[in-house]
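This report describes the architecture of a single protein model, section by section. Please keep the sequence and the structure in view while reading.

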Amino acid sequence: MKFVAISQDKGLALSICSEFKQQGYDVFSAFSLKEAENICQVEKPDVLVAEHIQVDGNFFDFYDKLKEKFIKETPPVAILLTESASELTPDVAIAMGLWALYTKPFQIKSLYYSVEDAVFSRKEGYTKRLDERIELTSKVNIKLPSSPKVFSTFSTNISFGGFFVALSEEFPEVGDIIEFRLMFSSLESLEGKGKVAWVRKEAKAGEQSGCGIQFTEGREKYVKFLVPIINETRTRQIESASFKVEDLNDILQQSVRAAKEKISKTVTEIYLLPANEKISVLCRSPQMLSVFSLLIYEIVYPMREIKGSNCMIAVKDGGKKTVEIILTCMPPGASLFVEALIEEKIQPILDMHKAKIHCEFNSISSTVVITLEKA
């Protein structure tokens, strides 16, 4: 196994290499990212142990470019070393594709066990500890290089590496750099630039037309912002302080559009009858967007090609304290699957919002009622 230690501190790099050489590794030391790049191109190492900030740049930027150069080959696993005053957290480091994070000073024995763990997992085909893909919905504005127009659309597949943009016209070219703004709530947004990684111009059943955007220009910034949002979705643990007052009509409009785009070509009609006035609810909008878009998609998809079928979504004001969102489908969809979806993914989020859900399925229609507390 080939091992590379990267540090501007020559004493540290040589010391680490000495320890791993005794354990049977082929070791190489690099005192800059440029030296490390040359070694990696020639030797194709299995593991890198590197300091976060180098004399010639940030290791994350170097590592992203290095992985692109390996193409079909498996890139080396990376373990990062940081100073004690660093604000970098393990969550962010792992989300950026690293195997582990160590704060100096560290025990060489612990580092050795992490390297052994990484080497074993690499042999088995595992190169990441954390899955980057997550069901997260967000409104997104994008500006293409070929047009002064700003497109307002949605992403239903946001990860630590980038996101999907739903488009039906004026598609960009692969390699184009676009400007974007992801909006998760009225107070949470992420702006930056990204590269178009792929384009799908024709929608298919279950697949939207659009393009995949890869984060560029210092991905660490984007990952740091996304970690708490994505982690709270994974763990279903939401801090009450993150709840914001949101417009229920706006959330439903976004959810309906996201569900329609995911279903793609369909003869089923989806109607939204919003409240006449703005209705404010205290919620975590990324989670509520996921709840409604998932629910609409799953109850509509089974009847998407039935002529005359429809889904009616109505907002019923319950007075000062509550509001009801009523989804009625004719004919009914797959009730057993919807009930399992509610139990596994929707009910836990509703519980945290002190919301209630009621379902009724029969041979004529299916009805789902969600009751939310007003802000």
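Which residues of helix 2 are buried?

## Basis of the report

The model is predicted; local features need pLDDT of at least 70, side-chain atom pairs count only at pLDDT 80 or more, and totals for chains, interfaces and linings use all residues. Residues are numbered from 1 along each chain as its sequence is written, and side-chain values use heavy atoms, with hydrogens and water left out.

Helices (H or I, at least four residues) and strands (E, at least two) are DSSP runs numbered from the N terminus. Buried means under 20% relative accessible area, exposed over 50%, and partly exposed in between, with a 1.4 Å probe and protein chains only.

The buried residues of helix 2 are Leu33, Ala36, Glu37, Ile39 and Cys40. They lie on the same side of helix 2, because they cover an arc of only 165° around the axis; the arc is that of the directions from the helix axis to the C-beta atoms. Among the elements that cover these buried residues are strand 1, strand 2 (26-30), strand 3, strand 4 (53-54), strand 5 (57-58) and helix 3 (59-70).

Helix 2 is followed by Lys44, a residue in the loop between helix 2 (33-43) and strand 3 (47-51). Lys44 is not a glycine, yet its phi is positive, about 50°. With a relative accessibility of 34%, Lys44 counts as partly exposed.

## Ser7 in its loop

Ser7 belongs to the loop between strand 1 (2-6) and helix 1 (10-22). Its relative accessibility is 2%, so Ser7 counts as buried. The side chains of Ser7 and Glu51 make a polar contact at 2.3 Å. A polar contact is a pair of N or O atoms within 3.5 Å; within protein, one must be able to donate a hydrogen and the other to accept it, and residues adjacent in sequence count only if both atoms are side-chain atoms.

Apart from neighbours within four places in sequence, Ser7 is in contact (heavy atoms within 4.5 Å) with Leu12, Ala13, Ala30, Phe31, Glu51 and Gln54.

## Nonpolar cores

A nonpolar core is a set of buried Ala, Val, Leu, Ile, Met, Phe, Trp, Tyr and Cys residues joined through side-chain atoms within 4.5 Å. The largest one has 50 residues, and those with the most contacts inside it are Ile6, Leu48, Phe59, Ile142, Phe163 and Phe180. A second, separate core of 39 residues includes Ala275, Ile296, Ile342 and Leu350.

Setting aside neighbours within four places in sequence, the residues in contact with Phe163 include Val140, Ile158, Phe180, Leu182, Cys211 and Phe215.

Six strands form an open sheet in the order 9-8-11-12-13-10, with antiparallel pairing. Two strands pair if DSSP finds at least two bridges between them. Strand 9 (150-155) and strand 10 are the edge strands, each pairing on one side only.

Strand 10 is joined to strand 13 (residues 210-215) by five bridges, and Phe164 stands opposite Gly212 in strand 13. Helix 7 (residues 248-263) lies across strand 8 (138-143), strand 9 and strand 10, at about 80° to strand 9. Axes are lines fitted to C-alpha atoms, for helices over the stretch in contact, and angles run from 0 to 180 degrees between N-to-C directions.

## The mixed sheet

Another open sheet has five strands in the order 15-17-18-20-19, and its pairing is mixed. Strand 15 (269-273) and strand 19 (356-361) stand at the edges with a single partner strand each, so one side of each is left without a neighbour in the sheet. Strand 19 and strand 20 (residues 366-373) pair in the antiparallel sense over six bridges; the bridge partner of Lys356 is Thr371 in strand 20.

Helix 7 packs on this sheet, touching strand 15, strand 17 (310-317), strand 18 and strand 20, and its direction makes about 175° with that of strand 15. Helix 8 (residues 285-300) lies across strand 15, strand 17, strand 18 and strand 20, running at about 20° to strand 18.

## Backbone exceptions

Most residues other than glycine have a negative phi, and most peptide bonds are trans. The bond from Lys104 to Pro105 is cis, with omega near -5°, and Pro105 lies in the loop between strand 7 (100-103) and helix 5 (108-123). A cis peptide bond also joins Met330 and Pro331, with omega about -10°.
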